[in-house]
Amino acid sequence: MVTNDYLKIRQLNFIPYSGFIINIDRLQLRPGFYHLLGANGAGKSTLLDCLAGLYDETYDALTIANEAYSSLSLQQLARRRAYLTQQHQAHFSITGYEMLAIFFDSSPSYLKEELCNHEVVKGLEVAVLLDKPLQFLSGGERQRCYLCAALLSCDESIRPETQLLLLDEPFTGLDIKHTLWLVDYLQKISEQICVLSSHHEVNFALKSQNPCLLMKNGSLIGEFKAGRDIKIAHLVDCFGLNSTQISYENNAYYQISWN
Ligand SMILES: Nc1ncnc2c1ncn2[C@@H]1O[C@H](COP(=O)(O)OP(=O)(O)OP(=O)(O)O)[C@@H](O)[C@H]1O
């Protein structure tokens with residue numbers, strides 16, 4: 001795997017829906033765990049969709065591992081990035097292993113046997129869940145199965161060519177144990193690949209040493225080497241908070257107060 005390659009955006013100006021523009025002049029991401037933060041409607045999911053290659057109108061603005069999206073076939077692009085979209089419900093009746101069989105062009109029974117001791121399957125505790133139809137699972141259980149598919153899609157032993165993991169609100173529905181496992185796992189794999197995750201766990205991001213991107217109205221309004229570099233004015237601007245709702249903790253980082 002080439003670890004020094006990264007994702008580049010140059011002059012991404014795209015109108016996915018009438019009245020909404022994604023407008024990013026330049027952005028360069030290296031291996032690392034990037035938090036993508038912003039208020040509801042800021043454009044985080046739309047940006048992730050662009051980076052996943054869902055809009056061919058944006059391909060000229062995007063480069064992955066020094067290759068323009070426009071020079072890659074859909075199959076090549078699909079193998080360069082893994083993507084967890086926001087999930088709400090399962091639309092048809094398939095089991096988790098059947099879903100994985102589609103992802104990996106394999107058979108459910110082979111995958112069940114091959115993956116039972118995989119770190120991701122064990123960490124997310126999905127071995128039993130993957131046997132059940134996805135629509136019969138709880139929201140958090142289903143999220144763990146979809147996460148399993150995304151994480152396996154960028155596993156070095158399965159897809160060594162994958163350099164980008166896009167996650168849209170991966171913590172939604174997860175209980176605390178699986179959230180903690182996921183954070184540790186993402187920290188680990190982000191030494192090798194670029195992980196870009198939107199979420200609303202702002203206090204977690206603010207406390208972290210990971211890079212953060214702030215979005216507002218379809219644009220990036222801040223790029224920080226660590227969550228701890230984000231200041232009160234950025235939070236007020238990005239989330240429309242009142243400064244009295246933000247406190248400075250341990251002489252180290254801002255936190256949004258709950259009282
Ligand atoms: N299918 C759609 N048709 C029209 N407008 C849409 C559609 N999906 C999203 N939008 C609009 O595009 C803008 C960006 O939405 P997006 O889902 O990217 O925001 P987000 O930052 O991911 O928000 P959230 O934190 O609520 O998930 C919003 O103004 C939203 O209303």
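1. Overall fold. Nine helices and 12 strands make up the protein, as seen in this predicted model. The radius of gyration is 19 Å, close to the 18 Å that the globule rule gives for 259 residues, so the protein is as compact as a globular protein of that length. Taken along the principal axes, the C-alpha atoms fill a box of roughly 55 × 45 × 35 Å.

2. The UniProt record, an unreviewed entry, places the feature "domain: ABC transporter" at residues 7–242. In the model, this span is 34% helix and 25% strand.

3. Surroundings of the ligand. The residues around the ligand are Tyr-17, Phe-20, Gly-38, Asn-40, Gly-41, Ala-42, Gly-43, Lys-44, Ser-45 and Thr-46. Helix α1, which covers residues 44–52, gives the most to this shell, with three residues.

4. Sorted by class, the shell around the ligand holds six polar, three nonpolar and one charged residues.

5. Packing of α3 and α4. Two packed helices are described by the angle between their axes and the distance between the axes. Helix α3 (residues 96–104) packs with helix α4 (residues 108–115) at an angle of about 95°, and the axes of the two helices are 8 Å apart. The angle makes α3 roughly perpendicular to α4, because angles of 65 to 115 degrees count as roughly perpendicular.

6. Residues at the helix contact. On the α3 side, Tyr-97, Glu-98, Leu-100, Ala-101 and Phe-104 take part; they meet Pro-108, Leu-111 and Lys-112 of α4. By class, the contact of α3 with α4 has six nonpolar and two charged residues, with no polar ones.

Methods: Residues numbered from 1 in each chain as written. Predicted model: local features only at pLDDT ≥ 70, side-chain atom pairs only at ≥ 80, totals over all residues. Near = placed C-beta within 6 Å. Helix = DSSP H or I, 4+ residues; strand = E, 2+ residues; numbered from the N terminus. Nonpolar A, V, L, I, M, F, W, Y, C, P; charged D, E, K, R; others polar. UniProt positions renumbered as here; feature names shortened; annotations may be inferred. Axes fitted to C-alpha atoms, helices over the stretch in contact; angles between N-to-C directions. Parallel < 35°, antiparallel > 145°, perpendicular 65-115°, else oblique. Contact = placed C-beta atoms within 7 Å. Rg over C-alpha atoms; globule rule 2.2 N^0.38 Å.
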